[in-house]
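Here's a quick briefing to read alongside the model. Have the viewer open and click along as you go.

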Amino acid sequence: MGEEKPKSAGVWPTVKPFVNGGASGMLATCVIQPIDMIKVRIQLGQGSAAEVTKTMLKNEGVGAFYKGLSAGLLRQATYTTARLGSFKILTNKAIEANDGKPLPLYQKALCGLTAGAIGASVGSPADLALIRMQADATLPAAQRRNYTNAFHALYRIVADEGVLALWKGAGPTVVRAMALNMGMLASYDQSVEFCKDTLGFGEAATVLGASTVSGFFAAACSLPFDYVKTQIQKMQPDAEGKYPYTGSLDCAMKTLKAGGPFKFYTGFPVYCVRIAPHVMMTWIFLNQIQKFEKSIGL
């Protein structure tokens, strides 16, 4: 029995970054879900933020802002667990290879890109369920899928379209996640070093400042990819069974031709308001979780 303690003690440091990352992302999602719903509706052409909010309140009630919450939580439990855990492990390995010295920004960016790809690959099914549940009310009644929760959505997708359909739009999802995590993860680590070492900030000011910078770069880097991803995931076949886009590149080219480059930044203010606070709260919750673990000796 005495020999098992070191074994269990060695397991926790390995899984802790994944557990902490998933928990912080899920807590942040509970707060941000209404803004995320508005962002999706804007990208689907339902009007401005004020118009979407007014219409949803009038036609669907307050509960509509939390439609898809189960899918959002499942997404964080898979996507954020994988990306933050992977990033921590990758950066630790890179620091070891760098003789314990802080990593240059480009290495942090590469770790962020890799972690984003890993997280998106794991979380793509939940992300698809989330987008469909959020977009369902915008479809004609005959085309609505009427998923009751995330697990019902996943079951129906597999039953109706096959297992591989769970990764529909996975290409743009992965690319978007790579861009977002490159901006989010690399900028946060770099900002923490700058706030601590150069500006001499305390812990609270460092976390707040670094998370703000992280949120801005995450939004700026990822919105074009998020726009394409949303269009791919919510598309429906026409009467002849043809889809409006053959893939993410086709969607990007048609969007560029029809609306110019700024079309990809449709809903940017709301997207930024949604992404930046979620990123900030993820880091803040993560910091608090880590402080709590230290206080109880974990």
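Phe217 is partly exposed, with a relative accessible area of 38%; that value falls between the 20% and 50% cut-offs, so Phe217 counts as neither buried nor exposed. Keep in mind that this is a predicted model. From here, the notes go through the aromatic pairs, the cores and the pockets.

**Aromatic pairs**

- The structure has four aromatic pairs in total.
- Tyr188 and Trp283 make a stacked pair, because their ring centres sit 3.8 Å apart with the planes at 5°, and an angle under 30 degrees counts as stacked.
- That pair ties together distant parts of the chain: Tyr188 sits in helix 6 and Trp283 in helix 9, 95 residues apart.
- Both Tyr188 and Trp283 are buried.
- Phe217 pairs up with Phe216, edge-to-face this time, with 5.5 Å from centre to centre and 80° between the planes.
- Phe216 is partly exposed as well, at a relative accessible area of 45%.

**Nonpolar cores**

- The largest nonpolar core counts 25 residues, and Leu180, Met184, Leu185, Ile275 and Trp283 have the most contacts inside it.
- Helix 3, helix 4 (105-135), helix 6, helix 7 and helix 9 each give two or more residues to this core.
- Helix 6 supplies the largest share of this core, at seven residues.
- A second, separate core has 14 residues, including Ala71, Ala126, Leu130 and Ala153.

**Largest pocket**

- The largest pocket has a volume of about 940 Å³.
- It's lined by 30 residues, and the closest to the pocket centre are Lys88, Tyr188, Asp189, Leu286 and Gln290.
- The elements giving two or more residues to this lining are helix 1 (4-43), helix 3 (69-97), helix 6 (170-198), helix 7 (203-234) and helix 9 (268-295).
- Helix 9 gives the largest share of the lining, seven residues.
- Sorted by class, this lining has 13 nonpolar, seven polar and ten charged residues.

**Second largest pocket**

- The second largest pocket has a volume of about 160 Å³.
- Among the residues lining this second pocket are Leu44, Gln46, Ala135, Lys234, Pro244 and Tyr245.
- Its lining splits into six nonpolar residues, four polar and one charged.

How values were computed:
Residues numbered from 1 in each chain as written. Predicted model: local features only at pLDDT ≥ 70, side-chain atom pairs only at ≥ 80, totals over all residues. Heavy atoms only, no water. 1 Å grid on protein atoms, 1.4 Å probe; cavity = no way out; pocket = protein on both sides within 12 Å on 5 of 7 lines; lining within 4 Å. Points joined across faces, edges and corners; volume = space filled by probe spheres on them. Helix = DSSP H or I, 4+ residues; strand = E, 2+ residues; numbered from the N terminus. Nonpolar A, V, L, I, M, F, W, Y, C, P; charged D, E, K, R; others polar. Phe/Tyr/Trp six-rings, centres within 6.5 Å; stacked < 30°, edge-to-face > 60°. Buried < 20%, exposed > 50% of the residue type's maximum accessible area, 1.4 Å probe, protein only. Core = buried A, V, L, I, M, F, W, Y, C linked by side-chain atoms within 4.5 Å.
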